[in-house]
Amino acid sequence: MKKLKANALALLAGTVLSTSALLPTQAFAEAEYTFKLHHMLPPMSNAQANFLKPWAETIEKQSDGRIDIELYPAMQLGGKPPQLFDQARKGIADITWTVGGYTPGRFPKATAFELPFVPLSARITSMALQEYAETEMQDELKDVHVLALHTHFPGSFHSREKDIKTMEDLDGLKVRAPNKMMAGALGILGANTVFMPVPSMPSALSKGVIDVTALPFEVVKPLKIHELAPHHTEFKGDRGFYTQFFIFSMNKKAYNSLPDDLKKVIDQNSGVPLAGFIGDAFDAYEIGARKDAVDRGNTFSTIEGAEYDRWKETLAPVTEKWIEDMNDDGYDAERLLEKAKTLIKKYENF
């Protein structure tokens with residue numbers, strides 16, 4: 001645990017590298033390796049500002065400038081968000097960050113963390129997911145060099161016109177589902193589910209293509225969802241309502257092109273410490289992003305107490321169906337789910 005915490009602290013130092021990044025380029029050796037980092041969100045997003053950019057600056061500093069990471073937000077290198085994982089796999093981009101659920105069925109083991117009422121904070125759940133990936137998902141991730149898997153803070157509902165206070169309030173509404181697990185849950189509640197990548201949501205809300213979306217506030221802020229959907233519903237209980245997992249990965253050939261000392265730089269800023277760092281960034285940003293909606297005078301509803309318990313009981317069949325389907329596909333679903341929950345409990349104390 002001491003080594004993990006030391007590495008995490010070293011990585012956290014990357015968040016204060018902005019001053020170093022402004023130093024003259026001759027302060028570092030000329031870059032020997034230049035890697036393109038591609039993702040889907042805008043430059044002002046939490047992901048770029050508080051995770052991807054600090055991580056890139058950390059790599060550049062610790063390599064004495066021998067590695068240069070170029071950031072390409074908002075799909076600037078082309079393609080669509082569901083293609084990002086394959087862009088890293090094929091070398092179209094050297095490094096990508098993407099939502100695992102954009103390619104349903106491709107990473108089935110990770111979906112244990114996306115089941116209703118499984119996650120805690122982004123930090124805790126991300127560290128648990130990364131350790132789980134290291135021991136359970138080697139086959140699903142073998143075509144890339146994994147930097148880290150992580151999750152966002154448990155999500156909430158954001159509605160255009162209606163306060164969502166009970167399960168019945170979703171009946172008949174068009175709701176954007178963030179992943180397959182939530183699509184199943186929303187279907188039980190009578191909603192008409194719609195799948196779409198995050199960047200498509202502002203237009204979909206403004207045009208009435210969807211009535212409600214499920215998101216953490218850290219995504220709500222940069223996309224101005226709180227201006228389009230001013231009614232927010234949060235869950236307060238022993239677990240969050242849902243989360244989504246993300247994959248931060250590097251092309252294998254790009255990683256293997258590095259000499260051992262530079263591979264070490266990448267390795268020291270990967271794995272569980274990196275997952276914890278990302279989780280911290282997402283948890284911290286969630287607070288400020290939610291405040292923007294509060295300051296705007298938006299309405300807030302809370303699912304808690306007996307109503308929270310009613311949601312858990314009603315949505316239990318989602319987990320039962322997941323176990324059945326995973327077992328049918330040859331997995332030991334009960335073991336995987338229990339391991340996910342055990343790891344989440346483990347990292348509650350970190």
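Which residues does F241 touch, not counting residues up to four places away in sequence? In this predicted model, F241 touches L115, P116, F117, P154, G155, F157, M182, F235, W311 and L315, where contact means heavy atoms within 4.5 Å. Residues are numbered from 1 along each chain as its sequence is written, and side-chain values use heavy atoms, without hydrogens and water. Local features need pLDDT of at least 70 and side-chain atom pairs pLDDT 80 or more, while totals for chains, interfaces and linings use all residues.

Buried here means under 20% relative accessible area, with a 1.4 Å probe and protein chains only. Domain 1 (33–154 + 244–286) and domain 2 (156–242 + 298–316) each give this core at least three residues; the bounds come from an automatic or database domain assignment.

Now for the rings. Phe, Tyr and Trp rings (for Trp, the six-membered one) pair if their centres lie within 6.5 Å; planes under 30 degrees apart count as stacked, over 60 as edge-to-face and the rest as tilted. The whole structure holds 21 aromatic pairs. F117 and F235 are edge-to-face because their planes stand at 70 degrees, with ring centres 6.3 Å apart. F117 is buried at 9% relative accessible area, and F235 is buried at 12%. F117 also pairs edge-to-face with Y308, with centres 5.2 Å apart and planes at 75 degrees. Ring pairs join F117, F157, F235, F241, Y242, Y308 and W311 into a cluster.

Note on methods
Buried means under 20% relative accessible area, exposed over 50%, partly exposed in between (1.4 Å probe, protein chains only).
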